[in-house]
Amino acid sequence: MNRRRHAAAVLAVALVLTGAAGCSSKAKPAGGTDGEKPAAGGVKAGAGVSDTSIKLGALTDMTGVYASLGKSVTQAQQLWVKQTNAAGGICGRTIELTVRDHGYDPQKALASYTELEPSVLGFAQFIGSPFVSAVKQRIDGQDKGLVIPQAWSASLLGSPYIRTVGATYDIETINAVGYLLDQKRVASGDKIGHVYFEGDYGENALTGAKAAAAESGLTVVEQKIKPTDNDMTAQVAALKQAGVKAVVISAGPRQAASLVGVAAAGGWNVPFVGNNSAFAPQLLATPAGAALQKDYYVASSALPIGSTEAGPAALAAAYKAEYPDSGLDNGVVAGFSAGALFGEVLKKACADKDLTREGIRAALLSLKSYDNGFGIIHDFSDPKAPSTRQSVILKPDATVPGGMKVVKEAAAAPAAAKFTPAS
């Protein structure tokens, strides 16, 4: 949807939530954010925390357009919970994760948030940046529970309670274009194409593409598409006619496969680079698989699940042991990383004797150099800034578990280092 329609949709669901907020606030248990209580070990406790357990929520998509991602993220977080509890839990308490599948339906997503919010300390997962944006005012105003979304739009910055793990789409795109410049695949005076989804994701990425172009003397040729557009023949024809030397893709895996596959079939040989959402290993088994492995690259805020580094390798082994019938993809890394971050925050809050929502907020702000074991150091001390400006550049490879290998280690392009995202 365009910006006006998107804004109207967000406003509509926000109004629904405003009406629901009165009901949910009445349901807050004693000891919630409206009144903390002393608990075991002399630790203050609030909503979702008892003497024996810490309850977290996960709002996911297991049956909608991002079902594959939602399944991987959720199973990885359930694995994190199992491992954490097997090691004795946190602060003398076991972790409980309550999952709700919203199927990427706005009404279900917001109803699930309203249902769980009073009874959980926070959310280790919330898929769908439009849904997170719709509750941002409520989270910051009255709820104040930590939410770690699986979305990287700069529109989510600025909240002390909604914290993304990784670079925002604009910075990620600047790093993607920076890789093309480093490899001398494009140079000042060239045109680059940008195929992007309408809405938060694609338009935030476009902001990054334009910033990178302005810094390096490039010209961006835009091709806006809808998530329902699956055939990229027209976009390839338009970009080829415009004479672009490379193409940025800020869309989904299906669009990326079509774009790269159509270009290869027509003998158009230019590099393609995508955001982290623009690839899935299942694409390598399609007719576009060979073309994707030839000259397609993806910017990411973490090492891929197929990396031989200690963190990804241990996670891959544990995940396959727990879910032998499930494939490996980078949703596993995203989900586990979010869970592990929440765990680190809980440990710090426990040490500070404060497992209230305010204690969680303060604990997260203290993490200025957090190493999650997946290739990038994160700084959560400033809610207005992404946790990193670095990206790892990946390349599809069917011989690697998870289908991705590293071609450039974590780094921030010069333009990304000085870019300020607009929340």
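W268 is buried at 11% relative accessible area, where buried means under 20%, exposed over 50% and partly exposed in between (1.4 Å probe, protein chains only). This is a predicted model, so local features need pLDDT of at least 70 and side-chain atom pairs count only at pLDDT 80 or more, while totals for chains, interfaces and linings use all residues. Residues are numbered from 1 along each chain as its sequence is written, and side-chain values use heavy atoms, with hydrogens and water left out.

**Aromatic pairs**
- The structure holds 10 aromatic pairs; Phe, Tyr and Trp rings (six-membered ring for Trp) pair if their centres lie within 6.5 Å, with planes under 30 degrees apart stacked, over 60 edge-to-face and the rest tilted.
- Y104 and F131 make a tilted pair, 4.9 Å centre to centre with 50 degrees between the planes.
- That pair links distant parts of the chain, 27 residues apart: Y104 sits in the loop between β4 (94–101) and α3 (106–116), F131 in helix α4 (residues 129–143).
- Y104 is partly exposed at 26%, whereas F131 is buried at 7%.
- W268 pairs edge-to-face with F272, at 6.2 Å and 90 degrees, and F272 is buried too, at 3%.
- W152, Y169, F197 and Y201 are linked into a cluster by ring pairs.

**The sheet**
- Seven strands form an open, mixed sheet in the order β8-β7-β9-β10-β11-β15-β16; strands (E, at least two residues) and helices (H or I, at least four) are DSSP runs numbered from the N terminus, and two strands pair if DSSP finds at least two bridges between them.
- β8 (219–225) and β16 (404–411) each have a single partner strand, so one side of each lacks a neighbour in the sheet.
- Parallel strands β7 (residues 191–197) and β9 (residues 246–250) are joined by five bridges, and I192 has A246 as its bridge partner in β9.
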